[in-house]
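Reader: I'd like to learn how to read a few features in a structure like this one. Can we go through them together?

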Amino acid sequence: MASTAADERLLKALAEQLKLPLLQIARMAELAHTTGDTASLASISYVADTALRLVDAFLLSADRQAQEIFQLEPVSVASVLNDTAHKLSSLAAQNDCDIELSLHGKYGPVMAHRESLESAMILLGYGMVGARAHEAERHRVVLAAHKSAHGLVAGVFDNRPGLSADMFQRGRALYGTARQTMPAVAGSNGASVFVADVLLKAMEAPLRVARHNAFTGLAATFHPSVQLSIV
């Protein structure tokens, strides 16, 4: 019953967050129809793709109800973050945001579910990129990985202050019941972040607030592939 209640809360948060892109699509389509501005069609397509990706990720997270945990396999975190950066580039351009990769050294594969890991990183990117800085300093979002004593840490970080472990825990408690649960992340109800959280938990890599150099963000720790010990 507890799991069902959590899914219902996540679905409510998802529905609330989808209102904005659907409203944007409707208004841009109306404007394109009125003015004959076909250039708006590209923006409509991108906003629609963003909304669909959020829905797809939610459906993927729902699979963990039947499986409890995804089938894990060796995955290259560097490859996932590189692909994520490319897929976030258009959104970043629309939000006057710089997307950066921070991958220093060589990282071996980790045990993960590639589709879920990429979906989670993209959803975290949506939250971070959409959070516009009020300061004059340009908004920078970094997709990064670094080694720790417990494994390989991978996540999405930015140069905006305000995100803290307490805020994240409050967001976990409030999503689905409040319209704004994490104002430091896109000023939204955080649905994309909490769908990512579910996907990462299913890989035994729960989401947490972390730091990477001078940046703060959300990350998870992954265990090295067990196949490395066989070589």
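Reader: Let's start with a side chain: is Arg-114 buried, partly exposed or exposed?

Author: Keep in mind that this is a predicted model. Burial is read from relative accessibility, with under 20% taken as buried and over 50% as exposed. Arg-114 comes out at 26%, so it counts as partly exposed.

Reader: Which side chain meets Arg-114 in a salt bridge?

Author: That's Asp-83, with N to O at 3.1 Å. Asp-83 sits in helix α4 (residues 77-94) and Arg-114 in helix α5, so the bridge ties together parts 31 residues apart in sequence. Asp-83 is partly exposed too, at a relative accessible area of 26%.

Reader: What about Glu-118 and Lys-87?

Author: Their side chains also meet in a salt bridge, at 2.3 Å from N to O. Here again helix α5, with Glu-118, is tied to helix α4, with Lys-87. Glu-118 has 9% relative accessibility, so it counts as buried, whereas Lys-87 is partly exposed at 38%.

Reader: And which residues do salt bridges with shared partners join into one network?

Author: Asp-83, Lys-87, Arg-114 and Glu-118. The whole structure has six salt bridges.

Reader: Now the sheet. In what order do the strands come?

Author: The general idea is that strands of a sheet pair through backbone hydrogen bonds, either parallel or antiparallel. In this case five strands form an open sheet, ordered β2-β4-β5-β7-β6, with mixed pairing. β2 (97-103) and β6 (208-212) each have a single partner strand, so one side of each has no neighbour in the sheet.

Reader: How many bridges join β4 to β5?

Author: Eight, and the two strands run antiparallel. For one example, Leu-143 has Val-156 in β5 as its bridge partner.

Reader: How do I read an aromatic pair?

Author: You describe a pair of rings by the distance of the centres and the angle of the planes. The count here comes to one aromatic pair. Phe-168 and Phe-194 are stacked, with 5.9 Å centre to centre and 5° between the planes. Phe-168 belongs to helix α6 (residues 165-174) and Phe-194 to helix α7 (residues 191-201), so the pair links parts 26 residues apart in sequence.

Reader: Last one: how many residues does the largest nonpolar core have?

Author: It has 47, and Val-77, Leu-117 and Phe-222 are among those with the most contacts inside it. Helix α5 (residues 114-130) gives the largest share, nine residues.

Methods
Residues are numbered from 1 along each chain as its sequence is written. This is a predicted model: local features need pLDDT of at least 70, side-chain atom pairs count only at pLDDT 80 or more; totals for chains, interfaces and linings use all residues. Side-chain values use heavy atoms; hydrogens and water are left out. Two strands pair if DSSP finds at least two bridges between them. Helices (H or I, at least four residues) and strands (E, at least two) are DSSP runs, numbered from the N terminus. Rings of Phe, Tyr and Trp (its six-membered ring) pair if their centres lie within 6.5 Å; planes under 30 degrees apart count as stacked, over 60 as edge-to-face and the rest as tilted. A nonpolar core is a set of buried Ala, Val, Leu, Ile, Met, Phe, Trp, Tyr and Cys residues joined through side-chain atoms within 4.5 Å. Buried means under 20% relative accessible area, exposed over 50%, partly exposed in between (1.4 Å probe, protein chains only). A salt bridge is a side-chain nitrogen of Lys or Arg within 4 Å of a carboxyl oxygen of Asp or Glu.
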